[in-house]
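Here's a quick briefing to read alongside the model. Keep the 3D view open and hop from one topic to the next.

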Amino acid sequence: MRTNGVIQLYPLLRIAVFLALGVFIGYEWGGLLGANGALYPFGLLVVSVVSALLMRRHDVGQGILLSMASLLLGMTLVMRQDRKLRQPLPQDTVTYQAVVASEPQQRGKVMRMDLWLVGDQTMPRKVKASLLRDTVDRRYLSLHLGDGIVASSRLDTPENYYHSQFDYPLYLRCHGFTATTLILPGEWRKTVVSLHDLSYLDRTILAAMQFRQRTLRHYLSLGLDDDEMAVAVAMALGDRSRLTNDLRDVYSISGASHVLALSGLHLGIIYIFLSLLMGARRRNLWREALVIAGIWSYAVFTGLSPSVVRASTMITIYSLATMLHRQRMSLNALGATAIVMLVANPMSLYDVGFQMSFMAVLSILVLYKPVYGWVSSEYLFAHPVIKWVWAMVVVSCCAQLGVAPLTAYYFGRFSVYFLLTNFVVIPLATVVLYLTAAMLVASLLPPLLPWVAKMLSAVVGIQTQMVRWVSALPGASIEPITINRMQVLMVYVIIAALSVMVYKVLRMKNLM
């Protein structure tokens, strides 16, 4: 196909955009087509693909049909998945076998946990459970990740909390949950359950999470301060359950929340570490395959959150492009990542982490190069320190511009000193991750472990103190901000228009 426009320079990004648009249309209005509504877009999808194959000599027509096919594919996938997630639930109390898929966490009078139901194929697969604590026998203390139980309870359709703006049912559907339940103290018991009904991927994730829990218990035995341990575990293992509300607020106000949520920053640091470990200057297929295997093992180990999957997929594409001597970080790579994730789970489009990570990377890919060029390359080459500072400023501002509308929409906040925060937390986050890896190695040499733990505690403590200082500065956060989805869209339209205008001005300036 000949390139006859700027949009065709990025065919995978175009497909990803139409696929996402199809997911949005299918989820928002697909219910109007009835219970078997997915058959209609699927039929049109087949027609579009066949027509595109017959129009190989008509580039424009074929491009339109392929874009339409991408949109129809998104509609088909999300409508099929939504139908599965909204399956009818039993009206009465039911007895079922399940495996505990997350470490139980105390929330008031209940223990919150995820359950994967096994055995009966007509029952929901993933359930968000609340187990009422018994105050006498305290049997709930014996329940851990990976345990099997037999329970009797009523399975309910997820509902929003009273007076809450957070769409809890949508959040659960994004993560594959189809029901919630409250289990009374006398209505459950531990037992051995078969995991053969679970997919190989689910069993692998469960085994990885059990290993993560053992690692976490090992960390807890080192005697670190509670806040320091909570931050270190969140940054290294992806477990944010131990973070207090105060810590969450401090990191959010200062603009440092991204270091607590595993993302491209963390995976990038790990990729560099593994590449250096394997010999960065002696790259070959086997070394690169081992590095990528390490990245995906870490992704499974931390629970395969959308932001981690996005970063792992992009790093995989980056690695393949490096081996094939192609452009490594591009809009096509971002588009390919989005396509893979949306086809695997179309509901990912509504996940906050998915949206924010993609918008941050998209903004960096589009804006970094022209903005970085505001300062001459000769000057930056002659001043390495200024070059590093300028690169950090540009990356931080581009990423913030990409996620600011979403941050205002979901969290009602804009962090004013995000740039100052990034200069502090990004270098320290790198040290924290390296020290965490050192702790795993030091586990084989027990005399070294306390020293490494003390260093980790000191670095995390410095990071948290600096974040607290930034969050206490006057006007550190603009809040509350209340905007709707249409306003978010309009803000992005304005940002895109201004970006295009600035890009064209710079291009004209360079041509003069």
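β2 and β3 make a hairpin with two residues between them, and Gly 108 in that turn has a positive phi of about 70°. Helices (H or I, at least four residues) and strands (E, at least two) are DSSP runs, numbered from the N terminus. Keep in mind that this is a predicted model: local features need pLDDT of at least 70, side-chain atom pairs count only at pLDDT 80 or more, and totals for chains, interfaces and linings use all residues. Residues are numbered from 1 along each chain as its sequence is written, and side-chain values use heavy atoms, with hydrogens and water left out.

**Around strand β3**

- Strand β2 (residues 105-107) pairs with β3 in the antiparallel sense over three bridges; two strands pair if DSSP finds at least two bridges between them.
- Arg 107 sits opposite Val 110 in β3.
- β3 (residues 110-118) is mostly covered, with eight of its nine residues buried (buried means under 20% relative accessible area, exposed over 50%, partly exposed in between, using a 1.4 Å probe and protein chains only).
- Seven bridges tie β3 to strand β4 (residues 126-132), and the two run antiparallel; here Asp 114 faces Lys 128 in β4.
- β3 also pairs with β1, again antiparallel, over four bridges.

**Around strand β5**

- Which residues does Ala 98 partner with in β3 and β5? The bridge partner in β3 is Leu 117, and the one in β5 is Ile 149.
- β1 (residues 94-100) and β5 run antiparallel, joined by six bridges.
- β5 also teams up with strand β8 (residues 188-191) through four antiparallel bridges, with Ala 151 opposite Trp 188.
- Six of the six residues of β5 (residues 148-153) are buried, so this strand is largely enclosed by the rest of the structure.
- In a regular strand, side chains alternate between the two faces of the sheet. In β5 both faces are covered: Gly 148, Val 150 and Ser 152 are buried on one side, and Ile 149, Ala 151 and Ser 153 on the other.

**Two crossing helices**

- The axes of α6 (residues 226-237) and α16 (residues 449-471) come within 9 Å and cross at roughly 95°. Axes are lines fitted to C-alpha atoms, for helices over the stretch in contact, and angles run from 0 to 180 degrees between N-to-C directions.
- α6 and α16 are therefore roughly perpendicular (65 to 115 degrees; under 35 counts as roughly parallel, over 145 as roughly antiparallel, and the rest as oblique).

**Nonpolar cores**

- The largest nonpolar core has 51 residues, and Val 231, Tyr 251 and Leu 260 have the most contacts inside it. A nonpolar core is a set of buried Ala, Val, Leu, Ile, Met, Phe, Trp, Tyr and Cys residues joined through side-chain atoms within 4.5 Å.
- Helix α15 (418-442) gives the most to this core, with 10 residues.
- Not counting residues up to four places away in sequence, Tyr 251 touches several residues, including Val 231, Leu 260 and Val 467.
- There's a second, separate core of 30 residues, which includes Leu 85, Cys 174, Ala 338 and Ile 339.

**One buried serine**

- Leaving aside neighbours within four places in sequence, Ser 67 is in contact with Arg 14 and Phe 18.

Conventions. Contact = heavy atoms within 4.5 Å.
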